[in-house]
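Here is a short briefing for you to read alongside the model. Please keep the viewer open as you go through the points.

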Amino acid sequence: MEKLLHFAVHFLFGDGTMSGEPVPLIFLVCINAKSVSHGDNFQNCSSIFIFGKDEKYANCLIENGTDPCYLLKEVHRAKEFRTYFLAILPIVLSVIACLLNIGYLIAQLKCFSIEKTSFKKRQVFLISRSLSIILANLLFYVVVIVWKANGFVYTSAMIFILIGGINFLSVTGTYIGLTILLYTAIAHQFWYMTKLTLTHCWLIIGLIWILSTASSVCIGLWGATLFYPESAPISCSFESCQQPLAIIIVVCLSICYGTVIGLYIAMMARLHRLVRKSSMVQSRSKSNSMTAMKRLGLNMITFAVGSVPILIVCIVALANLKDLSSLGEGCKSPCKTFLHSSLFVEVEILASVAAIVWIIAMIIDPVINILADKKLRGLFVKQITRVSQRIRRASTKSTISTDDQ
């Protein structure tokens, strides 16, 4: 009867007005009385209570001293974070990152076809990194589709961790490979030109992808049990499995970050010494060293921007792991969401920050590399110009055909 009454009022008066006139008082009194009759939990929450949506939380058993209005407010916050910062904003940024990296990849492939073998060695690692970023963006859309279809459950959490793991490990591997490659090209130029072949670079990249995929599968299968232990196909208790696993993951991430940044600093210091020792006769070598140092510095900034915030998120999640893992226990229900709304807000914030920072790093990477490389910058600008010209021609043709009709 109550639902019919709600429907009748909304059908007649919409959101509260009809042809500019206010809804008759008798209808509002009736609706408010019926809503309060669901329970006394929200009798003081009229300013934040959403009719037609929040009634499902009215009969939840609340502990003494807990403010139901605060819990309801946190539920709304969690839903807002999920909608805007875990869905809309990451998807918009992901589209930008995907388009930028596709354009960057096309420019790289064109540059790869005309470069000498010595330059192709570096391009191979950059191409691998671009492919990893594009693949991660495409799989991110799969996660969003799975999430919207079935909700955020063990499967979607596993895919999310798997994608993040493959992208992070493969990109980290290419960062390490590029750092060592740039240093070798300057400090051991003869060995770089004669001993290190393009085939060696392809083999190193293949090894990076195999190790990244294998490690990410393990991290995804067991990592998702941290948040959904009961629905996971793998048994993983908190004390014997979840907590040690989380510590291992955070320690491994810290080691990876520390290794890459440490390599950057060490290689830049060595190159700086080489630049100081080089004489005027070696002006070309000095110029190459300066270019390598600039690239290393820019790559280090890009890596730090995308990695340090994610590491902080992982450390915060580890510190609150016991509380966060409790969200995966038991069946999913409105009352569970309502009673643990503060934890859900924390999860949404952590996931949102990780996703947004991760995608922003994907945007920064091609931008910095395009700006630092004259050839790539020229090819990228030409490519954008051609695409814009084609779009203009297509729009002009469609306009002419419309006018003829």
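This is a predicted model: local features need pLDDT of at least 70, side-chain atom pairs count only at pLDDT 80 or more; totals for chains, interfaces and linings use all residues.

Residues are numbered from 1 along each chain as its sequence is written, and side-chain values use heavy atoms, with hydrogens and water left out.

**Overall picture**

- The chain's secondary structure amounts to 13 helices and two strands; these are DSSP runs numbered from the N terminus, with helices being H or I of at least four residues and strands E of at least two.
- The chain has 405 residues, and 41% of them count as buried (under 20% relative accessible area, with exposed over 50% and partly exposed in between, for a 1.4 Å probe and protein chains only).
- The accessible surface is about 22500 Å², and carbon and sulfur atoms account for 68% of that (Shrake-Rupley method with a 1.4 Å probe; for residues, only the protein chains shown count as cover).
- Of the contacts between residues at least 6 apart in sequence, 75% join residues at least 24 apart, where contact means heavy atoms within 4.5 Å.

**Helix H7**

- Helix H7 covers residues 198-223, and its 26 residues should span 38 Å at 1.5 Å a residue; the end C-alpha atoms are 36 Å apart, which agrees (the expected span is 1.5 Å times one less than the number of residues).
- The buried residues in H7 are Leu198, Cys201, Ile205, Ile208, Ser212, Ser216, Gly220 and Gly223.
- Cysteine 218 is partly exposed, at a relative accessible area of 42%.

- Searching the whole structure gives two disulfides, each a pair of cysteine sulfur atoms within 2.5 Å.
- One of them joins cysteine 45 and cysteine 69, with the sulfur atoms 1.8 Å apart; the link is left-handed, with -90° about the S-S bond.
- Cysteine 45 lies in the loop between helix H2 (25-36) and helix H3 (68-114), and cysteine 69 in helix H3, so this pair ties together parts that are 24 residues apart in sequence.
- Cysteine 45 and cysteine 69 are both buried.
- Cysteine 60 and cysteine 335 also form a disulfide, with 2.1 Å between their sulfur atoms; the S-S torsion is about -95°, so this disulfide is left-handed.
- That pair links distant parts of the chain, 275 residues apart: cysteine 60 is in the loop between H2 and H3, and cysteine 335 is in helix H11 (residues 334-339).
- Cysteine 60 is buried at 3% relative accessibility, whereas cysteine 335 is partly exposed at 27%.
- Cysteine 252 is in no disulfide, and the nearest cysteine sulfur, that of cysteine 256, is 6.7 Å away; cysteine 252 is partly exposed, with a relative accessible area of 39%.

**Aromatic rings and charges**

- The whole structure holds five aromatic pairs (rings of Phe, Tyr and Trp, the last by its six-membered ring, with centres within 6.5 Å; planes under 30 degrees apart are stacked, over 60 edge-to-face, the rest tilted).
- One of these pairs is phenylalanine 49 with phenylalanine 51: the ring centres are 5.2 Å apart and the planes lie at 70°, so the pair is edge-to-face.
- Phenylalanine 49 is buried at 11% relative accessibility, while phenylalanine 51 is partly exposed at 38%.
- The charged end of lysine 120 sits over the ring of phenylalanine 112, 5.0 Å from its centre (NZ of Lys or CZ of Arg within 6 Å of the ring centre and within 35 degrees of the ring normal).
- Arginine 129 has its charged end over the ring of tyrosine 175, 4.3 Å from the ring centre.
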